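This briefing was prepared for a reader who wishes to examine selected local features of one protein model. Please keep the sequence and the structure at hand while reading.

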Amino acid sequence: MPPDGAYLGIFDDETLLFQGVVSGQFEHHQRLTKVEVLGISPTFEKDLKTILAAKSLEYNPVFFQGKDSKPSDYLENCNALFYWNRVTGKIALSDYFKGNRCVDVSGQYIERSFKIQQIAMPLGRAVIDLKVHWTQNLSGAFNASPYIARAFPEKIVATLTPDAVTNHWPLNDQRLGLGRRQSGYRVEHSTITPMHLSGLRPYTKPFCTKQGNAEKSLTTKIHYFKTALKIHWKYNQPRVEHMVIQGQLNHCQHLFTQHRIRHIPISIELPKSEKAMFFETSQGAEFIEYATRIVQAQLRASARCIQVLCTLSWNLGRDLTINDSLKADGKFEGKITKVRHVVKGLQRCVEVTVGCVIQSGDLVNSIIESADEYPPNYADDETQSADCLLGIAHPKLHPKDIIANIVVKNSALEQEAYLLQNQYPVRNNMNAVLQEVPTSIHIELKDLRTNKTLVRRFEKTLRVVEVPGRVN
């Protein structure tokens with residue numbers, strides 16, 4: 001009995017056919033021992049790194065977030081396989097449809113062993129639902145003072161009731177607004193100081209009143225202020241962009257059978273970004289291109305749905321590998337998918353399995369949408385926001401993008417008119433009259449963030465995908 005872990009090599013006329021490690025599975029029958037040997041590539045990781053370093057495979061690791069990459073991940077978007085050389089133990093790439101050489105076995109296979117069958121139905125369509133999730137994260141600051149000043153008739157903060165203005169002026173580090181959406185506003189810097197400017201009236205026009213037989217003229221001071229109000233804003237808006245990419249395969253059975261449809265959901269979580277649109281970025285374009293190749297590769301791979309089994313003589317078949325193609329008598333032509341060496345007594349033969357491509361159909365190869373154009377996006381009723389600002393499309397906001405409205409009630413001119421027309425000098429207490437019309441400033445800031453996640457949808461229909469051509 002061979003020891004566990006022994007290394008076994010099989011030779012034929014000093015030619016190494018196979019080497020591997022004994023697995024420890026033995027079966028004894030009529031003085032013979034059946035041994036299971038595992039052909040494990042000793043250079044797998046090194047060879048794989050070499051293939052990737054040579055850019056032989058397009059691989060986008062962002063598509064495989066949260067998990068260690070598997071060998072199959074690297075083949076997701078191309079019609080290729082990892083080919084393991086059973087003699088040298090090295091890993092290389094092999095085309096899914098065509099081997100490095102095509103061997104003609106016409107009249108050289110055992111006729112009774114020939115068997116051809118369809119093992120699967122080719123895909124009619126392949127659809128990728130690519131959802132990209134991220135949070136648009138922005139921040140900035142702006143000075144609201146000039147806009148407040150412009151809301152006053154004299155284009156400067158002017159009042160007859162200074163305490164009403166100064167007592168309600170925002171403080172440093174004060175949060176503005178109510179609710180979770182508007183809580184992104186905070187006062188970064190705030191000052192309000194009296195000022196004296198030449199050319200501005202220091203007092204109101206006189207109001208005459210009688211005290212007995214004498215007339216007396218009264219005025220009240222107009223207070224002017226220099227202000228600074230720097231407001232800091234933060235914006236964290238969840239976003240989703242949903243791209244549906246679909247393609248159709250042109251095969252001979254599409255008119256006679258039900259189409260198989262393969263749905264491939266891909267959901268990707270990205271880090272925070274300032275961008276408002278993802279698929280318009282260079283990385284988004286790479287995602288679309290990568291997903292497009294996945295659709296095309298899936299459709300083409302499904303066309304290899306005809307399987308041929310035949311038995312060859314030992315001398316003809318012993319050197320065949322899955323990196324070769326076979327053709328015979330016009331009956332079949334395809335890529336070898338399995339090679340099995342068989343020894344029965346003194347007889348030796350090779351059983352070969354070949355994967356063949358189904359014929360193309362008669363679909364019109366028309367371009368519904370060119371590959372470098374985006375379809376127009378459409379709004380979704382469930383996610384469309386009724387807020388004033390449907391997300392921020394650019395990272396730098398102008399104050400007018402944030403300030404919805406500034407309302408000043410009872411400026412100095414309005415207070416003066418109120419004294420003249422309504423109350424004074426009929427009522428002798430000017431201060432009491434002014435308390436009825438104190439100056440107030442109301443700033444309305446827009447809700448930057450919507451209640452719901454912002455969703456944008458795109459669709460992309462590929463031109464009809466043709467089945468791979470026959471091997472030569």
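The points below take up a helix, a hairpin, a loop residue and the cysteines in turn. The model is a predicted one. Zero disulfides are counted in it, and the side chain of Asn323 makes a polar contact with that of Ser94.

**Helix 1**

- Helix 1 covers residues 44-53, and its buried residues are Asp47, Leu48 and Ile51.
- Viewed down the helix axis, these buried residues lie within an arc of 100°, and they therefore line one face of helix 1.
- An α-helix has 3.6 residues a turn, so residues three or four places apart point the same way.
- Glu45, Lys46, Lys49 and Ala53 are exposed on the other side of helix 1.

- Strand 4 (residues 80-84) pairs with strand 5 (residues 91-95) in the antiparallel sense, and five bridges connect them.
- Within this pairing, Ala80 is placed opposite Asp95 of strand 5.
- The two strands form a hairpin in which six residues lie between them.
- In the turn of that hairpin, Gly89 has a positive phi of about 80°.

- Asn323 is located in the loop that runs between helix 7 (314-317) and strand 17 (324-328).
- Asn323 counts as buried because its relative accessibility is 8%, which falls under the 20% limit for that class.
- The side chains of Asn323 and Ser94 are joined by a polar contact of 2.5 Å.
- Setting aside neighbours within four places in sequence, the residues in contact with Asn323 are Tyr83, Ser94, Gly99, Asn100, Arg101 and Lys335.
- Strand 4 comprises residues 80-84 and strand 5 residues 91-95; Tyr83 and Ser94, both in contact with Asn323, thus fall within the numbering of these strands.

**Cysteines**

- Which cysteine sulfur is closest to that of Cys252? It is the sulfur of Cys305, and because the separation is 7.8 Å, the pair is too far apart for a bond.
- The cut-off for a disulfide is a pair of cysteine sulfur atoms within 2.5 Å, and by this rule the count is zero.
- Cys305 accordingly takes part in no disulfide, its nearest cysteine sulfur being that of Cys252.
- Cys252 counts as partly exposed because its relative accessibility is 26%.
- Cys305, at 1% relative accessibility, therefore counts as buried.

Note on methods: Residues are numbered from 1 along each chain as its sequence is written. This is a predicted model: local features need pLDDT of at least 70, side-chain atom pairs count only at pLDDT 80 or more; totals for chains, interfaces and linings use all residues. Side-chain values use heavy atoms; hydrogens and water are left out. Helices (H or I, at least four residues) and strands (E, at least two) are DSSP runs, numbered from the N terminus. Buried means under 20% relative accessible area, exposed over 50%, partly exposed in between (1.4 Å probe, protein chains only). A polar contact is a pair of N or O atoms within 3.5 Å; within protein, one must be able to donate a hydrogen and the other to accept it, and residues adjacent in sequence count only if both atoms are side-chain atoms. Contact means heavy atoms within 4.5 Å. Two strands pair if DSSP finds at least two bridges between them. The arc is that of the directions from the helix axis to the C-beta atoms.
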